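Hello,

I am passing the structure on to you below. My notes on it follow.

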Amino acid sequence: MKPEIRVFQNREKLAIAVAKDWKEGAQQATRSGNKFSVALCGGSTPTVVYRCLAGEEFRQSIPWSSVHLFWGDERCVPPEDMESNFRMAQELLIDHVSIPEKNINRIKGEADPITEAVQYGEKMRGHFGSGEKGIPSFDWVILGLGLDGHTASIFPHANSSYRDLGLCAVTAHPESGQKRITMTPKIFNQALRVTFLVTGKEKASIVKDIIGEDVCAENYPAKQVSPVGGILQWWVDEEAYSALR
Ligand code: 6PG
């Protein structure tokens with residue numbers, strides 16, 4: 001699948017574009033009586049998007065009662081831990097908007113990882129119903145990209161087993177050994193829309209490898225993301241795109 005690549009002058013302009021589409025998607029869902037289900041990524045990149053969504057222009061105009069939040073991955077830490085992807089979203093977004101508590105589906109990083117991986121999969125099935133082929137189909141999956149080509153918490157080399165895994169898996173960060181719970185490509189590839197958000201000069205080389213070269217998905221897990229019936233987007237800022245100029 002040929003991804004749609006969009007280069008933004010800076011991360012702020014990228015965040016505004018995400019917020020505008022988020023608003024449009026939530027309003028459309030509200031009009032048709034549907035849910036707008038989004039899987040958020042972790043890491044630091046989405047913080048600029050959270051701040052934009054919580055800002056004056058969008059906080060009031062997005063129908064938050066239609067928005068349902070999930071996480072593509074979570075560190076196996078308590079929700080108040082500085083490492084928690086949920087905590088970051090709570091601090092910068094959730095605490096500032098009127099999203100109902102029941103619409104927030106965090107991965108319980110404090111729970112037993114294997115048990116939570118299974119339970120989170122069941123939670124998604126409950127939210128989406130059986131779905132096509134029994135796999136949840138998100139309206140929007142937002143992903144980040146690690147310097148080694150990982151996405152969510154799917155790290156290089158260890159990912160071959162994901163093909164036949166369930167909806168979620170337990171992994172470990174290759175350097176820190178930190179346990180993670182992650183959605184698998186099975187879910188990402190069933191989404192209606194998947195957008196990689198990548199900013200900053202330090203990502204220029206990996207962005208070139210991933211979207212500029214024909215690299216092997218085994219070594220670059222982000223290459224495993226190819227929505228079968230959905231849109232694949234790479235939204236990057238000029239700095240992250242600079243090696244392809
Ligand atoms: C995580 C993420 C991970 C992240 C990338 C990019 O839990 O860390 O899901 O995949 O998106 O590592 O992280 P930065 O945005 O901090 O560069």
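**Surface patch, rings and salt bridges**

Val 118 is exposed, with 51% relative accessible area (buried means under 20%, exposed over 50%, partly exposed in between, with a 1.4 Å probe and protein chains only). This is a predicted model, in which local features need pLDDT of at least 70 and side-chain atom pairs count only at pLDDT 80 or more, while totals for chains, interfaces and linings use all residues. Residues are numbered from 1 along each chain as its sequence is written, and side-chain values use heavy atoms, with hydrogens and water left out.

Val 118 belongs to helix α5, residues 113–128 (helices are DSSP runs of H or I with at least four residues, strands runs of E with at least two, numbered from the N terminus). Together with Ile 114 and Val 170, Val 118 makes a nonpolar surface patch of about 260 Å². Patches are made of residues with over 30% relative accessible area and no salt bridge, where like charges are joined within 9 Å and nonpolar side chains (Val, Leu, Ile, Met, Phe, Trp, Tyr) within 5 Å. Accessible areas come from the Shrake-Rupley method with a 1.4 Å probe; for residues, only the protein chains shown count as cover.

There are 10 aromatic pairs (rings of Phe, Tyr and Trp, the last by its six-membered ring, with centres within 6.5 Å; planes under 30 degrees apart are stacked, over 60 edge-to-face, the rest tilted). One of them is the tilted pair of Phe 70 and Phe 128, 6.0 Å centre to centre with 35° between the planes. Phe 70 is in strand β3 (residues 67–71) and Phe 128 in helix α5, 58 residues apart. Phe 70 is buried at 0%.

Phe 196 and Trp 234 are stacked, because their ring centres are 4.0 Å apart and their planes at 5°. Phe 196 lies in strand β8 (residues 193–198) and Trp 234 in strand β9 (residues 231–237), so the pair ties together parts 38 residues apart in sequence. Phe 196 is buried, at 0%, and Trp 234 is buried too, at 3%.

The structure has 9 salt bridges (a side-chain nitrogen of Lys or Arg within 4 Å of a carboxyl oxygen of Asp or Glu). Among them, Arg 75 meets Glu 83 at 3.3 Å, N to O; Arg 75 is buried at 14%, and Glu 83 is partly exposed at 37%. Another joins Glu 91 and Arg 87 at 2.7 Å, both in helix α4 (residues 85–92), 4 residues apart, about one turn of the helix.

Regards
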